[in-house]
Amino acid sequence: MRGGRRTAHGTALFVAPVLAAVAFAGAASAQAPALPGQALAFDRSKGNCLTCHDIKGGDAPGNVGPPLADMKSRFPDRKELTAIVFDETKRNPQTVMPPFGRNLILTDGEIEAIVDFLYTR
Amino acid sequence: MRISRAIAIAVAALVVAGAGPAAAAAAAAAADSIDPDADFKAFRDYYTKRFPDVPLNDFVNGPYSMDAELRKQWEAIDDFPPYDFAIDRGKQMFATPFKNGKTYGDCFPEKGIGIRQNYPYFDDKSGEVITLELALNRCREANGEAPYSYVKDEMASLTAYMAFTSRGKPFDIKIPNDPRALEAYQKGAEYFYARRGQLNFSCASCHVQNPGNHIRTEVLAPALGIVAAMPIYRSEWNGMGTMSRRLVTCNSQVRGVPLEPQDELYRDVEYYLTYMSNGLPVSGPGARP
Amino acid sequence: MRTYLFAAAMCLLTGAAQAASTEADFKTALAAAEAAEQDAGALKNQWIPTEQALAAAKKAAAAGDFDAAVAQARQAEALAKASIAQAKEQQTAWKAGVIR
């Protein structure tokens, strides 16, 4: 009984700091450093997405392309969004969006990272 | 008249093909013939329909015709145009004789004054497009002088002065009824619309599909009238830029290795674009952000 | 293609699947890249990154790093080929964008 309660307290004493740590980490990730994909997206020599797209977190965006917001609901299929970044001319032959994959502007890994980032917008 | 040229080509094709099924095939082939007049009309209508509030002559002002805020900034500097020094220098250079005693005026009609609106032209003797920049260097070389760089200030000063002497005159580019001239025009159109560079842009990507939109903070100019203000003082360059410099820079910006200045294709695209601006006023030298 | 290049590059770099690249390997890779870039030049459609990769390949070779040099040369060849494909496609595709 006593042992049980002590055990319960013990567990609570053990669990509480863990929960606190998890809660702290959860709170901290809201202000966590930018995903690697954000740096790639905003880098003029890489994705350079802000040249044409308004993306939250970026400054002085262009407006040639649509704003990149609500990405999870607009692109529930990750493969579709990845394909757009890889080569949008497949979907729209007259697009002005560079084919980042087909023309070897970005590596597959860089595209993955940028798509990860876009899903946070 | 230009419209009848397309018909003339079609008729010629029909005559050659003879009557019957061959004639139909020939007519189809003739329909593919180069028709600058039809292109001109379609090009003009596209921009006037897309921007009904822009007066036709205002297209020569490029991004300023597209964006009121930008225009205010431009008007603010107009009292002290940044290209004035280039006009003055160009006037002085133009008047200075070569070592052999001849002058630039000796190479050009009307002594080189008030003729900018006629360039580029198709030279039927050499079978090529002659731009103003090319003509100036050929003049130098014909008179024992070393040619100037096409992308630097001396060429910019000379063309600034010559443009200034034509300010307000309507562009009057001729495409003679000569298959070589039509081919040069068509190559210019092809260059303008073809994608290039790792970034896969054509000139049309920005200047046909996105005039008035902006990339980062830069407002894109319409292709209609885009050569009218050349050469330009570009704030971004802190200096003057010739037509050659602009084409070279555009290529680099889409990660394409630029051609040599005054490459045949650059002259062809200048021919095409200037023809499309026929009737619009020479407004060079100009200022741009 | 790029997955192949990456795998090949990794094999070269880790030496897992084959021995490290030799100068001969580099010369072969460079010749292929330069030939492709010359073809792109004939089409008046070379890309700046291709030239940068060629330069990087030569620089790495000069420093004796043939693994990196081969990887760069192969990247240059891939870029040159992409620029050739672009030019060839555009020979007809350009018409689709013409204002009518």
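## The interface of chains A and B

Across the interface of chain A and chain B, zero salt bridges are found, a salt bridge being a side-chain nitrogen of Lys or Arg within 4 Å of a carboxyl oxygen of Asp or Glu. The model is predicted, so that local features need pLDDT of at least 70 and side-chain atom pairs count only at pLDDT 80 or more, whereas totals for chains, interfaces and linings use all residues. Residues are numbered from 1 along each chain as its sequence is written, chains are lettered from A and ligands numbered from 1 in the order in which they are written, and side-chain values use heavy atoms, with hydrogens and water left out.

In the interface of chain A and chain B, ten residue pairs are in polar contact, both residues at pLDDT 80 or more. A polar contact is a pair of N or O atoms within 3.5 Å; within protein, one must be able to donate a hydrogen and the other to accept it, and residues adjacent in sequence count only if both atoms are side-chain atoms. Contact in general, meaning heavy atoms within 4.5 Å, involves 24 residues of chain A and 16 residues of chain B. The two chains bury about 1500 Å² between them, 43% of it on carbon and sulfur atoms; buried area is the accessible area (1.4 Å probe) that two parts lose on being put together, summed over both. Of the area that chain A buries against chain B, 31% comes from Asn63(A), Val64(A) and Val96(A), more than from any other three residues. The side of chain A that touches chain B comprises twelve nonpolar, nine polar and three charged residues. In this classification Ala, Val, Leu, Ile, Met, Phe, Trp, Tyr, Cys and Pro count as nonpolar, Asp, Glu, Lys and Arg as charged, and the others, Gly among them, as polar.

## The interface of chains A and C

Nine residues of chain A are in contact with nine residues of chain C. Between them, these chains bury about 680 Å², with 46% of it on carbon and sulfur atoms. Gln94(A), Asn103(A) and Leu104(A) provide 70% of the area that chain A buries against chain C, more than any other three residues.

This interface contains zero salt bridges and zero residue pairs in polar contact with both residues at pLDDT 80 or more. The side of chain A that touches chain C has three nonpolar, four polar and two charged residues.

## Features within chain A

Over all chains, the whole structure has 27 salt bridges. In one salt bridge, the side chains of Asp87(A) and Arg102(A) meet at 2.7 Å, N to O. Asp87(A) belongs to helix α4 (residues 78-87) of chain A, and Arg102(A), 15 residues apart from it, to the loop between α4 and α5 (108-118). Helices (H or I, at least four residues) and strands (E, at least two) are DSSP runs, numbered from the N terminus.

Asp70(A), a residue other than glycine, has a positive phi near 60°. Asp70(A) is located in the loop between α2 (36-42) and α3 (71-74) of chain A.

## Helix packing in chain B

Helix α8 (residues 179-193) and helix α11 (residues 264-276) of chain B pack at an angle of about 90°, and their axes are 7 Å apart. Axes are lines fitted to C-alpha atoms, for helices over the stretch in contact, and angles run from 0 to 180 degrees between N-to-C directions. α8(B) is therefore roughly perpendicular to α11(B), the term for angles of 65 to 115 degrees; those under 35 count as roughly parallel, those over 145 as roughly antiparallel and the rest as oblique.

Among the residues making this contact are Tyr185(B) and Phe192(B) of α8(B) and Leu265(B) and Tyr272(B) of α11(B). The contact residues divide into 15 nonpolar, one polar and three charged.

The peptide bond from Tyr119(B) to Pro120(B) is cis, with omega near 0°. Pro120(B) lies in the loop between α5 (84-95) and β1 (121-123) of chain B. Met230(B) and Pro231(B) are also joined by a cis peptide bond, with omega about -5°.

Arg246(B), in helix α10 (residues 243-253) of chain B, touches Met230(B), Arg234(B), Trp237(B) and Gln253(B), not counting residues up to four places away in sequence.
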